[in-house]
There are 2 protein chains.
Amino acid sequence: MTAPKPSELAFVPFVSVENMMKLVHYIGIEAMLRGLGDYIEDDFRRWELFDKTPRVASHSEEGVIELMPTSDGEVYGFKYVNGHPKNIHDGLQTVTAFGLLARVGTGYPVLLSEMTVLTAMRTAASSAMVAKHLAPKGARCMAVIGNGAQSEFQALAMKAICGIDTLRMYDIDSRATEKAMRNLDKFGLSMTACRTPEEAMEGAQIITTCTADKQYATILTDNMVGAGIHINAIGGDCPGKTELHRDILSRSTVFVEYPPQTRIEGEIQQMPEDFPVTEMWQVINGTAPGRVNDNQITLFDGVGFAIEDFSALRYVWGRIKETGFYQDLDMVADPDDPRDLFGMLLRSGK
Amino acid sequence: MTAPKPSELAFVPFVSVENMMKLVHYIGIEAMLRGLGDYIEDDFRRWELFDKTPRVASHSEEGVIELMPTSDGEVYGFKYVNGHPKNIHDGLQTVTAFGLLARVGTGYPVLLSEMTVLTAMRTAASSAMVAKHLAPKGARCMAVIGNGAQSEFQALAMKAICGIDTLRMYDIDSRATEKAMRNLDKFGLSMTACRTPEEAMEGAQIITTCTADKQYATILTDNMVGAGIHINAIGGDCPGKTELHRDILSRSTVFVEYPPQTRIEGEIQQMPEDFPVTEMWQVINGTAPGRVNDNQITLFDGVGFAIEDFSALRYVWGRIKETGFYQDLDMVADPDDPRDLFGMLLRSGK
């Protein structure tokens, strides 16, 4: 008897980093950001359906490793993600990630995917989808404070989803600004490198803060923010890491993904526990107001939630079969007779 | 510029089901069970060092999907495992699993492995390692009640680690017994198929119960269990699933992996919250007594704990490089400049 071949059920499609990048180029980065934004918006609309388990974090001196599970009742997904700020000094990514989808009915995995690139895409798509609902009408100009790994994704998502065509870039390290502007060179955006955050904000209707240091910082102070602005604050995303002065929070209407998580990880960790926030899914559902007037400062305190990863994995799952940008992994044992795992093992040795 | 090749850090060794089976045959199943038993025993010895996060379960009507993370401070591991009892009616495994190890210091994954086969191996190795400490001296004969997917692994681990040479097999479905005896045919064990559980227990010093139905069952009643026996009760491993009559528990000294988990999932879910148990790691450490006399009934209420999976993954990690039974997965994006993820994406499209 020859070794048994695994059946089709034993195979899990795996999207490598290389295949993910091929998928992005095949679809087109702006089209994919729009597609991701649509999937995320759909899942925000059916928010109440989801199992919102808190993430499970394993903290160490160097950083954190987290598992972020969720389920819509039919499909289960989780993301593995680490956050190691010091990695950057050793030439490593501070954040790497992968994710998995499985069928709730059988527990069998149906997709394994890299999520370092995909998380960057979904973070930007989430921000832009939210800005589509909250930014002042006709917004064209965005200040980008922090020009690191997430900045270009934010810029293109805001272009693709909200119609931003002008960027005012600032980073404490001017080489980061140069890098981001070089990367965005061919995307038809008008860009200005600015020497101060104040200069970056001149004429901007949207301010995106996406700096990287793990510490309480004050990237924006109160006097820097004018009326009517939409602030997309995504860099303050873990305990001890914030970017905005609390006076800005007090003057703004604050929108969040999932309050129990944002109160620990977001900008509002600086505020009392009962600080009022609006849940973004309710704005999308029409059950809570978004922007109500032109002078209001709207502030999206984005920390990244499991449902956004779930949406992103669903999007990828839906596109890989047609494109072939995956490989099959023999990841799940699938003996002919499920009670005979040992027999499968025995036969494989012959 | 050509597409950049991922650096070595971007690759995660993956052990497929096929490679896991090759590894088992290469090492030899009994030698590997002994090796796994040693690794598990080592990790029980340094039990206090581990981060013992409770597992994160996502329940549905059909079953459960769980993530079981742990860490020893240097290495982080988790297992994905599902339990879907009805799967067996559709020709699917009731339990499938995979696992991952990562470095705590960087968050970078270092091993992805199938764990359906490996879990069967570690479960048996854990049981036998525990029985080595608790079973009556010179035990040679074991009753195996429930002859499903786990039974052969239990039999061989008890042979390899405890010197069991005689099996008395019983299953409610005689075809399961036939299957198990056929699978174990060449391993030098003396085996008898029994028509009742009582018959199976005649002359046995160890009783292993590993039945599969998800329900309160009474596989063993009190009058069936004589003095001096070691009971290896591994089938009662989730809420609502038990195998033993509670009177047996009252008469036995009960040993467990991790009380907070076993009180929910194990046989002792039938007992009051303060029912006395001994933690197995303390027996191994010499800080709690194991078997104290020849008449005592010792009972291992095994439910499977994250640290055992961690030990098993560590064992595999240590053996794959020499054997080559793995493939490299491009699972983690690793740009030359970590701040330039977008640049890596751009260059890959050229």
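Reader: Before we get to the interface, what counts as a salt bridge here?
Author: A salt bridge is a side-chain nitrogen of Lys or Arg lying within 4 Å of a carboxyl oxygen of Asp or Glu. Please keep in mind that this is a predicted model.

Reader: OK, how many of those are there between chain B and chain A?
Author: Between chain B and chain A the count is 0 salt bridges, although over all chains the rule gives 36 salt bridges.

Reader: Can you show me one, say the one that E30(A) forms?
Author: E30(A) pairs with K159(A), and the closest N and O atoms of the two are 3.0 Å apart. Since E30(A) sits in helix 2 (residues 29-45) of chain A and K159(A) in helix 4 (residues 151-162) of chain A, the pair ties together parts that are 129 residues apart in sequence.

Reader: Back to the interface, how many residue pairs are in polar contact across it?
Author: There are 28 residue pairs in polar contact across the interface of chain B and chain A, counting pairs with both residues at pLDDT 80 or more.

Reader: And how much area do chain B and chain A bury between them?
Author: The two chains bury about 6,500 Å² between them, with 71% of that on carbon and sulfur atoms. In chain B, the residues losing the most area to chain A are R339(B), F342(B) and L345(B), which together account for 11% of what that side buries. Helix 11 (residues 341-348) of chain B supplies the largest share of the side that touches chain A, namely 7 residues, and the residues of that side divide into 41 nonpolar, 22 polar and 12 charged.

Reader: Changing topic, at what angle do helix 1 and helix 3 of chain B cross?
Author: The axes of helix 1 (residues 17-27) and helix 3 (residues 116-134) of chain B cross at roughly 40° and come within 9 Å. Helix 1 of chain B brings V17(B), M20(B), M21(B) and V24(B) to the contact, while helix 3 of chain B brings V117(B), L118(B) and M121(B).

Methods:
Residues numbered from 1 in each chain as written. Chains lettered and ligands numbered in written order. Predicted model: local features only at pLDDT ≥ 70, side-chain atom pairs only at ≥ 80, totals over all residues. Heavy atoms only, no water. Buried area = accessible area lost by both parts, 1.4 Å probe. Polar contact = N/O pair within 3.5 Å; in protein donor to acceptor, adjacent residues only side chain to side chain. Helix = DSSP H or I, 4+ residues; strand = E, 2+ residues; numbered from the N terminus. Nonpolar A, V, L, I, M, F, W, Y, C, P; charged D, E, K, R; others polar. Axes fitted to C-alpha atoms, helices over the stretch in contact; angles between N-to-C directions. Contact = heavy atoms within 4.5 Å.
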